[in-house]
Amino acid sequence: MTTAGARQPQAGAGQLLELIRTGQAGTRAELVRLSGFARSTVAQRIEALLRAGLIVSTGGADSTGGRPAETFAFNRTAGVLLGADIGGSHTRIAVTDLGGEVLAEDEADLDVADGPKRVLGWVRRRFTRLLRHVGREPADVHGLGVGVPGPVESGTGRLVSPPIMPDWDGVVVPGWFAGDYAAPVVVDRDVNIMALGELRAGGHDATDMVVVKVGIGLGCGLITGGRIYRGAQGAAGDLGHLHRGGDEPCRCGQTGCLEATAAGWAIRRRLNQHGYEVNTSADIVRLARSGDHRTVRLIRQAGRLIGESLADVVGLFNPAIIVVGGNLAGAREPLLAGIREVVYRRSQLLASRDLRIVPSTLGHRAGTIGAAMLVHDHLYDPHRVSTALA
Ligand SMILES: [Zn+2]
């Protein structure tokens with residue numbers, strides 16, 4: 001004879017874990033109140049979560065006179081996550097704890113156009129080195145998150161006709177790590193992982209946001225209702241190739257794209273024409289910080305052009321906040337000032353009245369933290385946790 005609910009003995013365990021790991025609840029009483037489950041159900045699920053090593057008991061919670069309530073916390077140190085932020089010309093990786101806190105990181109100037117063998121080969125080798133550095137084994141890796149600068153199928157991690165990285169068309173990113181780790185690999189666009197990082201760890205207190213990545217390339221991640229908006233083909237947020245007019249050739253093969261006048265590669269081309277030796281976005285930022293007038297002027301002008309496209313995005317999308325990140329955001333004032341100037345002037349009053357336009361708070365770590373959070377969300381999806389415990 002089976003009783004109702006016996007088929008799924010841990011139903012609700014995933015929701016309780018979510019309440020604990022997001023910091024909404026720590027004690028049994030809080031879990032009962034927020035979940036609406038019976039006390040006995042909460043007690044059973046806590047036992048199961050403790051046995052699975054997903055949570056730990058952290059002792060008494062208060063000292064208001066009575067017996068201090070036992071509190072529970074997400075077991076962040078039970079393993080590690082690996083995050084990779086593969087950009088057009090620069091790649092960053094990190095080992096984080098299970099909550100996305102960076103333990104060790106590495107980076108290199110790598111041109112994504114050099115192909116998957118060179119770029120993913122570097123990522124694989126450096127992951128191994130970073131793990132050794134933090135004293136962890138491949139078996140400690142619970143999941144990998146990877147961001148790539150092109151459209152990707154979210155279910156499979158396969159790249160689909162990426163415009164600036166032709167050698168990557170059809171590449172299935174998780175397959176590159178299958179021999180190293182028996183852990184899930186989740187792949188998304190670079191702008192989306194950056195947006196996820198800013199949403200979760202940036203402290204912006206908003207659920208509707210646009211996160212612009214201004215580097216050698218240009219794109220944006222859209223967060224709506226606290227979730228990444230990917231669109232029908234995973235191609236949403238392709239800000240850099242919105243048509244702004246003019247006949248400047250773009251690297252995508254079209255003319256008049258925003259990138260062709262406002263991306264780092266367009267600024268680099270202009271500076272090279274004037275005899276500057278500039279290769280990376282870091283070179284451009286260095287020139288701007290040293291006060292080079294031409295560079296500062298080009299970046300401010302790029303900010304204005306980006307602002308024109310963002311004003312359109314604000315009109316359509318009505319975000320609470322625009323976060324400006326990417327390597328060129330390191331130039332700070334000229335870029336932000338250019339964007340603010342145009343967005344506030346062009347946006348309709350209602351959409352821009354309380355709109356904040358701020359620099360990234362995570363800086364160069366936004367992508368790797370976001371990549372870790374991407375796989376974190378996958379691993380601790382409430383339904384997946386309840387099913388796994390059952
Ligand atoms: Zn283009």
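**Close-up views of a predicted model**

View 1. The model shown here and in the following views is predicted. Residues of H4 that are buried include Pro 116, Val 119, Leu 120, Gly 121 and Trp 122. Val 123, Phe 127, Leu 130 and Leu 131 of H4 are buried as well. Among the elements covering these buried residues are strand E3 (80-86), strand E4 (91-97), strand E5 (102-108) and strand E6 (141-148). Just after the helix, Gly 135 adopts a positive phi of about 70°.

**View 2. The salt bridge between Arg 126 and Asp 106.** The side chains of Arg 126 and Asp 106 form a salt bridge with an N to O distance of 2.9 Å. Arg 126 belongs to helix H4 and Asp 106 to strand E5, so this pair links distant parts of the chain, 20 residues apart. Strand E5 is also among the elements that cover the buried residues of H4. Arg 126 itself has a relative accessibility of 22% and therefore counts as partly exposed.

**View 3. The zinc site.** Four residues coordinate the zinc ion: His 241 through ND1, and Cys 250, Cys 252 and Cys 257 through SG, at 2.0 to 2.3 Å. The angles subtended by the four donor atoms run from 105 to 120°, and the arrangement is therefore tetrahedral. For comparison, the ideal angle for four tetrahedral donors is 109.5 degrees. Along the chain, the donors follow the spacing H-x8-C-x1-C-x4-C. His 241 and Cys 257 are 16 residues apart, and both lie in the loop between strand E10 (227-228) and helix H6 (259-262). Cys 257 counts as buried because its relative accessibility is 4%, below the 20% limit.

**View 4. The surroundings of Glu 259.** Glu 259 is found in helix H6, and its relative accessible area of 2% makes this residue buried. Its side chain reaches the backbone nitrogen of Leu 218 at a distance of 3.0 Å. Beyond its neighbours within four places in sequence, Glu 259 is in contact with Gly 217, Leu 218, Gly 240, Arg 251, Trp 265 and Ala 266, as well as with His 241 and Cys 250. His 241 and Cys 250 also coordinate the zinc ion.

**View 5. The salt bridge between Arg 28 and Glu 70.** The side chains of Arg 28 and Glu 70 meet in a salt bridge at 3.0 Å, N to O. Because Arg 28 lies in helix H2 (residues 28-35) and Glu 70 in strand E2 (residues 70-74), the pair ties together parts that are 42 residues apart in sequence. Both partners are partly exposed, Arg 28 with a relative accessible area of 27% and Glu 70 with a relative accessibility of 32%.

View 6. Glu 101 and Arg 76 meet through their side chains in a salt bridge of 4.0 Å, N to O. Glu 101 lies in the loop between E4 and E5 and Arg 76 in the loop between E2 and E3, so the pair ties together parts 25 residues apart in sequence. Glu 101, at 49% relative accessibility, counts as partly exposed, and Arg 76 is partly exposed with a relative accessible area of 34%. Elsewhere, Arg 244, Glu 308, Asp 312 and Arg 346 are linked in a network of salt bridges. A search of the whole structure finds 24 salt bridges.

Key
Residues numbered from 1 in each chain as written. Predicted model: local features only at pLDDT ≥ 70, side-chain atom pairs only at ≥ 80, totals over all residues. Heavy atoms only, no water. Donors = N, O, S within 2.8 Å, 3.2 Å for Na, K, Ca; no water. Tetrahedral: all angles 85-135°; square planar, octahedral: opposite > 155°, others 65-115°. Helix = DSSP H or I, 4+ residues; strand = E, 2+ residues; numbered from the N terminus. Buried < 20%, exposed > 50% of the residue type's maximum accessible area, 1.4 Å probe, protein only. Polar contact = N/O pair within 3.5 Å; in protein donor to acceptor, adjacent residues only side chain to side chain. Contact = heavy atoms within 4.5 Å.
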